[in-house]
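Thanks for making time this morning.

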Amino acid sequence: MGKHVGLSLILIFLLFFLPWLWGESHASGQPEPPAEDPPPAEDIPEDPPQTPSGTDRSISLNILVDGQLRQTNMADYLLGVVRAEMPASFELEALKAQAVAARTFVLYRMAGGGTANHPEADACGDITCCQAYKSYEDAAQDWGEAAAEYEAKIRQAVEDTDGMCVLYEGKPLLAAFHAASSQTTQDAAAVWSSSLPYLQSVETPENEETVPNYHSSASFTASELKSRLQTALPEANLSGSPSDWFTNIQQQPGGTVTSLAVGGVPVTGGQLRSILELRSACFTISFAEDTVTFSVTGYGHGVGMSQYGANVLAAGGMDYREILTWYYTGAAVEPYTPVSVSNE
Ligand SMILES: [Zn+2]
């Protein structure tokens, strides 16, 4: 796979994968230790904790958060990512899987020479570029009374997986993840038109009982819909009734739309999802008078690890390594130390 394609892939999937948008992060914030009692939001301890030394702590990272560049290490960076990327109420083994996926993402990026978006930083907190990042202070505001318990879980998820990485043929892989799918995840080839051997469609167990807002809908008036479609797809012929606009819809058994034609222009389900800002490409379309409604299942691009699926698998007794190898076909979860790090 060319570097070009790799970078495009990263950009594309990062545009869609973040399930939990978060508020501002604090560039100067260091993670705080869990206290005996949850600290009130206005009284958060100042001194960062000392966590055990290990592989993560030996990997220096420059991160760009909230417009500020600062030096940290993999251990502290991952705390910020896991806080932002997965609900802390999830099973511990799911949080561990998330920590390993996040670690793998950075190491994959670093192995590829970083990004032109910020050559001075190994990672940023912009979800359209890298991974979300949340300081303890911001997370604690959201967590309220559960702050100490949740921070301790996340800390354990990162520390217990110190140095562990998802490898394919001995190298960190592109650890794509998303919130929730319908029955199966998606083959990268179907979503990004570029195949990766470890990003294939696999079964995933989440459903409406285990995912909040699993079913959603988006309604448009005919003129609103026409305007959005015509802007994105100028070649589309959108004359006549909206019920004639969408043809040749190809769906997987779980309902995910792989391809269709919009006014005669072929697009992928993911492209239509982006144009209309649907929560996923798993949708059906219904027409009533002047209204067109998309009924949507799941959330995210559907490629790689499903986070809600990981939580269901963890609740069923799988450990984080089993979860990761469930979602990343043919991968191995092993300790990995990049050759070029440990730069003081
Ligand atoms: Zn970035």
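In the largest nonpolar core, which has 76 residues, the members that touch the most other members are Leu78, Val82, Val100, Val166, Ile323 and Leu324. By nonpolar core I mean a set of buried Ala, Val, Leu, Ile, Met, Phe, Trp, Tyr and Cys residues joined through C-beta atoms within 7 Å, where a residue is buried if 20 or more other C-beta atoms lie within 10 Å of its own, exposed if 12 or fewer, and partly exposed in between, with the C-beta atoms placed from the backbone. Helix H4, residues 92–111, supplies the largest share of this core, 10 residues; helices (H or I, at least four residues) and strands (E, at least two) are DSSP runs, numbered from the N terminus. Apart from that core lies another, of 15 residues, including Leu260, Val267, Leu272 and Phe294.

Please keep in mind that this is a predicted model, in which local features need pLDDT of at least 70 and side-chain atom pairs count only at pLDDT 80 or more, while totals for chains, interfaces and linings use all residues. Residues are numbered from 1 along each chain as its sequence is written.

Which residues does Val100 contact, leaving aside its neighbours within four places in sequence? They are Thr161, Met164, Cys165, Val166, Tyr320, Leu324 and Val333, a contact being two C-beta atoms, placed from the backbone, within 7 Å.

Now to the helix packing. Helix H3, residues 74–85, packs with H4 at an angle of about 120 degrees, and their axes are 9 Å apart; axes are lines fitted to C-alpha atoms, for helices over the stretch in contact, and angles run from 0 to 180 degrees between N-to-C directions. H3 is therefore oblique to H4, given that angles under 35 degrees count as roughly parallel, over 145 as roughly antiparallel, 65 to 115 as roughly perpendicular and the rest as oblique. From H3, Met74, Leu78, Val81, Val82 and Glu85 meet Leu95, Gln98, Ala99, Ala102 and Arg103 in H4.

With helix H11, residues 320–327, H4 packs at an angle of about 60 degrees, the axes being 8 Å apart, and these two helices are therefore oblique to each other as well. On the H4 side the contact is made by Glu93, Ala94, Lys96, Ala97 and Val100, and on the H11 side by Tyr320, Ile323 and Leu324.

H4 also lies across strands E4, E5 and E14, running at about 60 degrees to E4. Those strands make an open sheet in the order E5-E4-E14, with antiparallel pairing, where two strands pair if DSSP finds at least two bridges between them. Its edge strands are E5 (171–172) and E14 (332–335), each pairing on one side only, and Tyr168 has Lys171 in E5 as its bridge partner.

A further open sheet has 3 antiparallel strands in the order E8-E9-E10, with E8 (246–251) and E10 (265–268) at the edges and a twist that averages 15 degrees from one strand to the next. Helix H9, residues 269–276, packs on this sheet by touching E9 and E10, and its direction makes about 70 degrees with that of E9.

Finally, there is the hairpin of E1 and E2, with 2 residues between the strands, where Asp66 in the turn has a positive phi of about 55 degrees. E1 (residues 60–65) and E2 (residues 68–73) pair in the antiparallel sense over 6 bridges, and Asn62 has Gln71 as its bridge partner in E2.
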